[in-house]
Amino acid sequence: SSDQLKKEIKKLEKEKNLVGYIFDLRNNPGGLLSQAVEISDFFLDDGEIVSTRGRKERENSKFFAKKGDQISGKPLLVLINNGSASASEIVAGALQDHKRAILLGEGTYGKGSVQSIIPLANKGAIRLTISKYYLPSGKSISEVGVSPDIKVEELDEEFSINTVTDNQLNYAIKLFTG
């Protein structure tokens with residue numbers, strides 16, 4: 001994911017009239033923690049991105065951004081909704097906590113748990129929650145999600161992402177154009 005993002009940003013950077021970026025994380029169920037950290041780091045200059053805290057000390061860890069905002073401080077709007085979960089919530093929450101992006105849309109899902117899969121003798125497995133994700137502010141994502149800075153609800157059944165009925169995307173575009 002992070003390699004794809006870098007490739008697309010390089011293409012967009014060639015645009016002469018580029019004012020800012022809209023990063024759409026709606027209906028993104030998440031993915032690898034390492035990718036969430038890399039993508040967040042892409043837009044941040046420094047600071048904590050996410051931490052995990054569990055019952056045992058070895059389950060605790062912190063992840064930090066390295067120097068270098070790859071879009072040189074250009075404005076960033078992140079679109080979120082109830083379908084944004086896990087790693088996408090980490091990205092949105094970290095960018096919001098660092099005041100690097102404005103989140104627009106609806107509250108996220110609230111999947112802030114780290115799970116371990118324990119294999120069983122009968123070829124089954126148990127998924128056990130071993131820790132939770134925490135944003136730089138110390139807030140847990142688990143069960144509460146991330147709230148948008150600007151709440152824009154989907155209008156009705158006609159709503160469809162990336163079409164003329166996408167009032168959230170249209171709102172974000174208007175913020176950049178006037």
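Which residues point one way from strand 4 and which the other way, and are they buried or exposed?

Modeller: Before the answer, please note that this is a predicted model, in which local features need pLDDT of at least 70, side-chain atom pairs count only at pLDDT 80 or more, and totals for chains, interfaces and linings use all residues. Residues are numbered from 1 along each chain as its sequence is written, and side-chain values use heavy atoms, with hydrogens and water left out. From strand 4, Leu76, Val78 and Ile80 point one way, while Leu77 and Leu79 point the other way, and all are buried; here buried means under 20% relative accessible area, exposed over 50%, and partly exposed in between, with a 1.4 Å probe and protein chains only. Strands (E, at least two residues) and helices (H or I, at least four) are DSSP runs, numbered from the N terminus. Because 5 of the 5 residues of strand 4, residues 76-80, are buried, the strand is largely enclosed by the rest of the structure.

Strand 4 also has pairing partners, where two strands pair if DSSP finds at least two bridges between them. With strand 1 (residues 21-24) the pairing is parallel, over 4 bridges, and Val78 of strand 4 is the bridge partner of Phe23. Strand 5 (residues 102-105) likewise runs parallel to strand 4, joined to it by 4 bridges, and Leu79 has Leu104 in strand 5 as its bridge partner. Finally, strand 4, helix 3 (residues 87-97) and strand 5 make a right-handed β-α-β unit, right-handed meaning that, with the strands pointing away from the viewer, the path from the first strand over the helix to the second runs clockwise.
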